[in-house]
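Let us walk through a protein model step by step. Keep the sequence and the 3D view side by side as you read.

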Amino acid sequence: MQNQKPVLHILVVGFHHKKGCQVEFSYPPLVAGTEGKGECPSGWKYLPTLALPDGSHNFSSDFVCFNLPSLTDPEQSVYGISCYRQIALEEVRIRTADLTRSTVQKSVCTLLSLPIYGYVEVKLSLIAQAFFEQGDFSATEILVKAYEQLNACLVSLEPQEIGSTRLHFVGVPLRDLLLKWRHKILILFKLLLLQKRVICYGSPVHPTCALILGIASLHPELISKGFQQVACVKTSRPMSPMPTFSTPVEEQHGDAPPCRTTLPAIVTEQEAPHEPIAPCREADELLTDPDGRSIASAKEAALEETTTTPSSSSSSSPSSGSSMEAAGGGDGAGPNARPAAALLRETSVDTIASNFSSLYAIEPSEWGAPLRIFHEGVLCLPYISLPYMDLLTDPSVKGYMIGASNVLFQHKRQLADVMIDVESTLIDVLDGETKREMQLSTEDLRFVDFVVRHVQTPKEDAEGSEAWIRDQLYGYMVALLKTSLNADGSKEIEHFNAHFMGAFKATRCYGDWLERTAGGSVPAFEGLGGGHPFAGTLSVADMKLRIAQTMQNSESGRKLNQAVTNTSRAVGGALTTAKGAFSSWWTSFTATPQGGHMTMQGCSEPPSQDPSPIGSDQLGAADDDAAAAATDDSVGREQRNRTSESAEATGSPKHVIATAEVAAHPTANNSVVEIGREAELLDRGTSTATIMAGEAVTDQTNIPRRT
């Protein structure tokens, strides 16, 4: 594939209501000698199911990254990026007979010879938008032009623009991933080194693909030079998803080159063949950091700093000798080692991290980068569909990191060592031994906390930027490989978790690295001390980090968090209800009674000047009472008045009678209330004398006298 174009094919995949997913157009044709419509090679039989992922009908748009084995080279892979769209049928200007549903689902897809997913994704999004806006899916001339222009653009690029720090990292949302996954990003980083069976699931598919490619991009030069065999495996039996070759795949060992470049011919001419460890290394002047300085100059500065350290202090105590800023560079304690001078370290984490420059200043080719993680039956498939499930059960497949959206993958737990829920950032480790290997040490927690804090407050092309993040993980990898050369059981090994280091040293990728570096004899490691760069004494901050990490990762911690959340909701609801009941009771207890009571003294007071309006019913009642009082004869009226005056003189209390008018209208005017009450009192009478006097008068006036 060395002389092939960067873009191999551009195609359209649609969903047919009877045939399902199918290739509707391809340029150049996927099958030579055909029109490129409806044909698909037998080795890529299920390519349409990758371009149109499971569950895509639930979304209007999505991006899918996938890998395929090459049809011509058993040791090469093909990289695909698909732009999916779902539009309403009304938006289609020219409709054909196969458009029978209310929506149209199609994908514009490209197959690449370089793993530059993000770079092509940006351009493919514009191509797909223009293709759909036409409203005529038979007009494919725009796709042919896009194919030609993409290839012309990539071939015309300078070699340094296709380097490991350029096109391969475009579109990878590294900062967003770190802010979302936080310390778990280091767990996934180390999980990739163990070559386990990992299934990431989620829908839509793009976040899953971004997670897998983002973790891979953190490993030095893994995407640019270690992705050649991510989809290659020699199955034990013929399988429809995989192509068959006439000659078997011969495994290469020993003096085989660590990687095979897939760059165009104009790029391979710039390679440096004199490099003993990695002949595919690029020139030093092409490896530049975000500040514009070359890595080689940074390495020289770091070496000058290292040479100022006395050689007698080649090692230190277990607690601090593993740090990169310690005065030694040996693997064990010697007779000339400094005593207790380095036991206690007062430097801050930021001061420790500043010495990372001596780690990531080392060129990747000097220590045999990249590690061959996806090699010899270990696959990396950012997305696979359901027909590829049988491939995972083949004995030739040793490990994988795959992405899926079909719910059946979640139920096939026997296919995985680790299940990752992308949406909820949940890492479910199914094996007890793998759980111990995945535990982050205290030094690991310090390191990832330092990275996350700087990412939260980033500086352009400095601390917190994506290039800075990759530099930190690069330095972490260098320190890890250097420490792996120490003897098992040493304090430096424990800084990276002894269980993890034991599992890592048993992997195929680590054994391959030892073979390519003659047992780990890397000249660039001679000036470095083994151990974790964030090693140091325990502090309260470390305890907080450990508790937070345990609460987020362990099953018991998650249950406790859920219980606390549920309890807080229940207690909060109960407190709110109790507060409301108490407030209602207190209001009813302290409120002023309605329709105030009147005493005799209140009746004798002058009427108040209340400006509030008076109801017509109240006025009518008062007028009726007054008229009834006026109809009494003069004798009865005078007698009642005398009785009332005598009662006031003796100070006898009057009974308070609440009239119907007062009870029904508590806001009535006081004067009207007093008039109504007096009239009622006068009509009914309130004393025996008044009643008897009234009877006497009645007898005198109504009964005829005897003569």
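Predicted model: local features only at pLDDT ≥ 70, side-chain atom pairs only at ≥ 80, totals over all residues.

Residues are numbered from 1 along each chain as its sequence is written, and side-chain values use heavy atoms, with hydrogens and water left out.

Begin with the whole chain. The protein chain has 27 helices and 10 strands. Both are DSSP runs numbered from the N terminus: helices are H or I with at least four residues, strands are E with at least two. Of the 707 residues, 47% count as buried. Buried means under 20% relative accessible area, exposed means over 50%, and partly exposed lies in between (1.4 Å probe, protein chains only). The accessible surface of the protein chain is about 34,200 Å², and carbon and sulfur atoms hold 54% of it. Such areas come from the Shrake-Rupley method with a 1.4 Å probe; for residues, only the protein chains shown count as cover. Now take the contacts (heavy atoms within 4.5 Å). Among those with a separation of 6 or more, 72% join residues 24 or more positions apart.

Next, find helix α18, residues 498-505. Which of its residues are buried? They are Phe500, Met501, Ala503 and Phe504. These residues cover an arc of only 165° around the axis, so they sit on the same side of α18. The arc is taken from the directions from the helix axis to the C-beta atoms. What do the buried residues of α18 pack against? Their partners are α5 (184-193), α14 (432-438), α16 (466-484), α17 (491-494) and α19 (508-516). Look also at the start of α18. There, a side-chain oxygen of Asn497 comes to within 3.0 Å of the backbone nitrogen of His499.

Side chains of opposite charge can pair when their charged atoms come close. In a salt bridge, a side-chain nitrogen of Lys or Arg is within 4 Å of a carboxyl oxygen of Asp or Glu. In α14, Glu433 and Arg436 are 3 residues apart, so about one helical turn separates them. They form a salt bridge, with the closest N and O atoms 2.4 Å apart. Glu433 is partly exposed at 34% relative accessible area, and Arg436 is partly exposed at 41%. In α17, Lys491 and Glu494 are also 3 residues apart, about one helical turn. Their side chains meet in a salt bridge at 3.9 Å, N to O.

The structure holds 12 salt bridges. Another of them joins the side chains of Arg197 and Asp417 at 3.2 Å, N to O. Arg197 lies in strand β6 (residues 197-201) and Asp417 in the loop between α13 and β9 (418-421), so the pair ties together parts 220 residues apart in sequence. Arg197 is partly exposed, at 25% relative accessible area, whereas Asp417 is buried, at 18%. Elsewhere, Arg372, Asp512 and Arg516 are linked in a network of salt bridges.

Leu386, Val407 and Leu408 make a nonpolar patch of about 220 Å². Patches are made of residues with over 30% relative accessible area and no salt bridge; like charges are joined within 9 Å, nonpolar side chains (Val, Leu, Ile, Met, Phe, Trp, Tyr) within 5 Å. Leu408 is partly exposed, with a relative accessible area of 40%. It lies in helix α13, residues 408-411.

Technical notes. Polar contact = N/O pair within 3.5 Å; in protein donor to acceptor, adjacent residues only side chain to side chain.
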